[in-house]
Amino acid sequence: MANHPQHCIVALVDDDARVRESLEHLLYSAGIETRSFTSAEEALEPGGLDSVCCLITDVRMPGIDGCELQRRVVAMLPALPVIFVTAHYDDVVQRKALAQGAFAFLFKPIDGEEFLETVDGAMRWSRNKEVSDVDC
């Protein structure tokens, strides 16, 4: 796992508390700060995604689902990488999410090492995107 010298918060959006807690612990073990949300609506509240450098979301959730959350986040924060973690195998949803710019689409049960490498890659991509978007 790469060292994360810049402050970076990973947002977790999942209606299942056990999944959120499991991913929080995994990310914490890698030294990554998290901000967890029980719903997409909660994440989209003003300030909810401030200082976030990566968004991890489930696909199926009550209310706004993960795909709609991705669509809204891309409109607000186009440089924010979105990683889907889901237990529902649906090729159509996976292809749609990736076509709309999802950084990755992972299936549960996740492999902890693969998950952390994916998040690390998303965080590096986000930092590089921020640097390349700076006008001078």
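In the predicted model, Val93, Gln94 and Ala97 are the residues of α4 described here as buried. Because these three residues cover an arc of only 100° around the axis, they lie on the same side of α4. Such an arrangement accords with helix geometry: an α-helix has 3.6 residues a turn, so residues three or four places apart point the same way. The buried residues of α4 pack against α3, β4 and β5 (104–107). On the face turned away from this buried side, α4 carries the exposed residues Val92, Arg95 and Ala99.

Both ends of the helix were also examined. The N-terminal end of α4 is capped by aspartate 90, a side-chain oxygen of which lies 3.0 Å from the backbone nitrogen of valine 92. Following α4 comes glycine 101, with a positive phi near 100°.

The largest nonpolar core comprises 22 residues, and the members that touch the most others are Val13, Leu49, Leu55, Leu69, Val73 and Phe84. At least two residues of this core are supplied by each of β1 (9–13), α2 (40–43), β3 (52–57), α3 (66–76), β4 (82–86) and α4 (91–99). Apart from this core lies another, of 19 residues, which includes Val19, Cys53, Leu116 and Ala122. Within the largest core, leucine 69 is one of the members with the most contacts to other members. When residues up to four places away in sequence are not counted, leucine 69 touches Val13, Ala40, Leu44, Leu55, Thr57 and Ile64.

Aromatic side chains were considered separately. Four aromatic pairs are present in the structure, and one aromatic cluster is formed by Phe84, Tyr89, Phe105 and Phe107.

Aspartate 58 is located in the loop between β3 and α3. An unreviewed UniProt entry lists Asp58 under "modified residue: 4-aspartylphosphate". In the model, aspartate 58 has a relative accessible area of 6%, and because this value is under the 20% cut-off, the residue is classed as buried. With residues up to four places away in sequence left out, the contacts of aspartate 58 are Val13, Asp14, Asp15, Gly66, Phe84, Val85, Thr86 and Lys108.

Methods:
Residues numbered from 1 in each chain as written. Predicted model: local features only at pLDDT ≥ 70, side-chain atom pairs only at ≥ 80, totals over all residues. Heavy atoms only, no water. Core = buried A, V, L, I, M, F, W, Y, C linked by side-chain atoms within 4.5 Å. Buried < 20%, exposed > 50% of the residue type's maximum accessible area, 1.4 Å probe, protein only. Helix = DSSP H or I, 4+ residues; strand = E, 2+ residues; numbered from the N terminus. Contact = heavy atoms within 4.5 Å. UniProt positions renumbered as here; feature names shortened; annotations may be inferred. Phe/Tyr/Trp six-rings, centres within 6.5 Å; stacked < 30°, edge-to-face > 60°. Arc of directions from axis to C-beta. Polar contact = N/O pair within 3.5 Å; in protein donor to acceptor, adjacent residues only side chain to side chain.
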